[in-house]
Amino acid sequence: DFADIAHRPLFGKRVLVTAGPTHEAIDPVRYIANRSSGRQGFAIAAAAAEMGAEVTLVAGPVHLVTPPGVIRIDVETALEMHAEVEKALPSDVAIMVAAVADWRASDTPDQKIKKDGKGIPPLTLTENPDILASLAKHKNRPGLLIGFAAETEKIVEHAQAKLAKKGCDWIVANDVSGDVMGGANNAFHIVTKEGVESWPDSPKDVIARKLMERVADALAQG
Ligand code: CTP
Ligand code: CA
């Protein structure tokens with residue numbers, strides 16, 4: 001009932017989440033991609049909606065069901081994701097879980113590149129905008145800005161460097177070293193200016209709920 005909804009910990013809060021990979025065209029039939037499934041970002045959007053938030057999920061190309069109550073905007077490229085993220089502002093919290101392609105092809109011909117005997121075509125790349133870093137400097141910067149990072153070594157060190165470089169408030173760093181297929185040494189570290197909180201590796205929905213509870217606590221403390 002309504003009374004219950006109004007008492008949920010994120011009631012009245014706007015939460016923006018990015019998820020999935022981006023696809024960067026090479027020509028009309030080919031693209032650059034990465035292995036992000038989008039599952040962690042979708043789980044976070046679902047947890048935020050369950051906790052009463054107004055959630056906008058800007059999703060790269062993934063085959064996942066939209067969580068109940070979530071406004072989903074589908075995009076293909078980093079440039080499209082950047083534009084949709086800016087349109088979704090203002091937001092109380094932004095959680096950038098997407099594996100945004102760092103580079104895109106410099107030119108994308110209108111026609112398919114042919115194997116026409118002129119040799120191997122060069123693939124020249126241009127850097128994509130850093131959506132997280134640009135949100136940190138935005139006039140409508142979300143009050144709580146959270147980035148994600150998958151690291152294979154020096155997890156906390158790399159996360160602290162990213163926190164400073166990008167100007168966000170927290171980095172959720174995932175240790176993907178060792179046996180990434182479910183090994184015991186995977187872990188999550190919530191890295192903030194105040195310190196580091198480490199959580200054991202858990203299913204994505206468990207991590208998502210724990211993170212959103214942490215977010216609700218932070219918002220309640222002002
Ligand atoms: N990110 C972003 N826009 C980009 C690249 C990254 O918004 N063009 C965000 C991701 O969504 C994530 C965070 O930045 O929340 C960290 O991404 P990561 O790829 O780990 O950082 P990079 O600065 O790209 O560093 P790396 O060289 O390790 O890829
Ligand atoms: Ca990157």
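1. A word on classes to begin: Ala, Val, Leu, Ile, Met, Phe, Trp, Tyr, Cys and Pro count as nonpolar, Asp, Glu, Lys and Arg as charged, and the others, Gly among them, as polar. On that basis, the shell around ligand 1 holds 8 nonpolar, 3 polar and 3 charged residues.

2. Some housekeeping before we go on. This is a predicted model, where local features need pLDDT of at least 70 and side-chain atom pairs count only at pLDDT 80 or more, while totals for chains, interfaces and linings use all residues. Residues are numbered from 1 along each chain as its sequence is written, and chains are lettered from A and ligands numbered from 1 in the order in which they are written.

3. Back to the ligand. There are 14 residues around ligand 1 (C-beta atom, placed from the backbone, within 6 Å of it), and M96, V100, I131, L132 and G147 come nearest. Helices (H or I, at least four residues) and strands (E, at least two) are DSSP runs, numbered from the N terminus. Both α4 (131-136) and β9 (144-151) supply at least two shell residues, with β9 giving the most, 3 residues.

4. Next, strand β1 (residues 14-19). Since 5 of its 6 residues are buried (20 or more other C-beta atoms, placed from the backbone, within 10 Å of their own), β1 is largely enclosed by the rest of the structure.

5. Strands pair if DSSP finds at least two bridges between them. β1 runs parallel to β4 (residues 54-59), joined by 6 bridges, with T18 partnering V58. β1 also pairs in the parallel sense with β6 (residues 93-96) over 4 bridges, where V17 partners I95.

How values were computed:
A residue is buried if 20 or more other C-beta atoms lie within 10 Å of its own, exposed if 12 or fewer, and partly exposed in between; C-beta atoms are placed from the backbone.
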